[in-house]
Amino acid sequence: MWFFRSPEVVFGEDSLSFLSNLDRERFLIVTDRFLATTTLPGLLKESIGSNRQFMTFAGIGEEPNEDEILSSISDIREFNPEVVIGMGGGSAIDSAKIIYALNEREDLTPFDITPLEEIGLGKKSILVAVPTTSGTGSDCSWAAVFSGSKEKRKNEVASPEILPRYSILDPSMVLSLPPEQTRNTATDAITHAVEAYGSHWRNPYSDAMAEKSLELITGSLTEVIEDPTNVFHRGNVHVGASMAGMAFSNSQVGLAHALGHALGARFRIAHGKAVGLFLPSVVKFNYGAVKERYDRLNMIFPKKFRKESLDRTLTSYFLAIGQAVSVKSAGLDGNEYALLIDEMTDLAMESTGVLTNPADSDKGRLKEFFGEVI
Ligand SMILES: [Fe+2]
C-alpha cells in the first residue's frame, strides 16, 4: 500500500485572491524577519481582504528555532487563528507547520509531532503555504525541520497532519526574489526532482511530478535569470519547484542531500548550493543503477544544455546558470573543508538519503564524494 500526498494547489497570476474566498475571520501570518520588512505581507493581507483580523508572527530567522516558536505560542493561542499561513521560504513554512500543531493541541511540544499516531489536528484552523521562493518544496511536504533550544542540532519531525491544506503559488510572490536565491532554490528543486526519480521509494506519481518539474524549471530558469520580472517564466519555475517538492515528499531524496546537509551543518552555505555541488558526482556514481531513468531525464533538458549523460548535462547547466560546481567556486575555505571531511562523512552517513539512493554506498565512498568537489 502506498500513498501520494499533496496539498490542494492554487497557482497562476492572482492566485492569492483565492484566500479571500475562505469563510474564515482570523488569519495568522507566520513569516521571517526579513520578509516582514518587504511589501509581501501587505500584498498578502490586501488579497485576503481588509475586513479580516490579522496577526503577523515575524520572529523566524534563517531556520526555525524551538525557542522562537515557543515564545510566541501563548499570544497565538489567544488570537485563536482559523487560518495559519506560512509565508516565505522553507523556514517560515516549516515554522507555520509547528505553530499550527501547537496551536491546535496545547499539550504538544514540537517533538510530539509524529507520523506514528493520530494527532487530531485541523479542528480549529487550516494550514496554508504561500512560498516566496521556488525550491524548497516545503509547501508540499509533511515534514518540518527546526533547531532545538538545548542542542544546536537540527531536528526533523513529520506527520501527514502538518501537510498544508492549500499551497498558493502566486508568481507575484517570487518576482523580487534576488538572482542568487533564485539560482540556489532552483538548484535545490532540480536536485529534488533528480533524486526523487532515482530513489528506491520512487513510484508512478512521484515520477510524473519529477519529470514535469524538471521540464518546467529547465525550460524557464535561464529566462528568469535574464529577466527576473517575467511572470510567465517565474510562474513555470514556481510550479515546477512545487512539483519537485511533491516528487521527493512522496519518494525521498538521495546522496546529494545526505552530503549537502552534512556540508551545511559545518559551513554557512545555502542549502541549494550545497546539494547542487554534489549532484553531478552522485548522478555519475548512480548511473549504472538507473541508467534508463537518467537518460530519460537527460532528454528533458533543453537541447542547448544537453550532453551525452545526465551528470555532464548537470555540470554544464550549473555552469551556464552561474551555480557553483566546486568547493572553491562556492566560496568555501578549501583548507578548512579538507580538515572537516571525516566529520562531514560521519554526519552524511546518518542520513536516510544513504538508504534511498539508487546505488549502495559506504563510508569510504561518501568520503570520496567530499574529495571529488574540492
Ligand atoms: Fe533540498
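**Exercise 1. Determine how many residues of domain 1 and of domain 2 are in contact.**

Solution. In this predicted model, 18 residues of domain 1 are in contact with 18 residues of domain 2, contact meaning heavy atoms within 4.5 Å. The domains themselves are residues 8-173 for domain 1 and 179-372 for domain 2, with bounds that come from an automatic or database domain assignment. Residues are numbered from 1 along each chain as its sequence is written. Because the model is predicted, local features need pLDDT of at least 70 and side-chain atom pairs count only at pLDDT 80 or more, while totals for chains, interfaces and linings use all residues; side-chain values use heavy atoms, with hydrogens and water left out.

**Exercise 2. State what area domain 1 and domain 2 bury between them, and which residues of domain 1 supply 35% of its share.**

Solution. The two domains bury about 1400 Å² between them, with 61% of it on carbon and sulfur atoms; buried area is the accessible area (1.4 Å probe) that two parts lose on being put together, summed over both. On the side of domain 1, Ser134, Gly135 and Cys140 supply 35% of the area buried against domain 2, more than any other three residues.

**Exercise 3. Find the count of salt bridges between domain 1 and domain 2, and of residue pairs in polar contact across their interface.**

Solution. The count between the domains is one salt bridge, defined as a side-chain nitrogen of Lys or Arg within 4 Å of a carboxyl oxygen of Asp or Glu. The side chains of arginine 268 and glutamate 62 meet in a salt bridge at 2.9 Å, N to O.

How values were computed
Polar contact = N/O pair within 3.5 Å; in protein donor to acceptor, adjacent residues only side chain to side chain.
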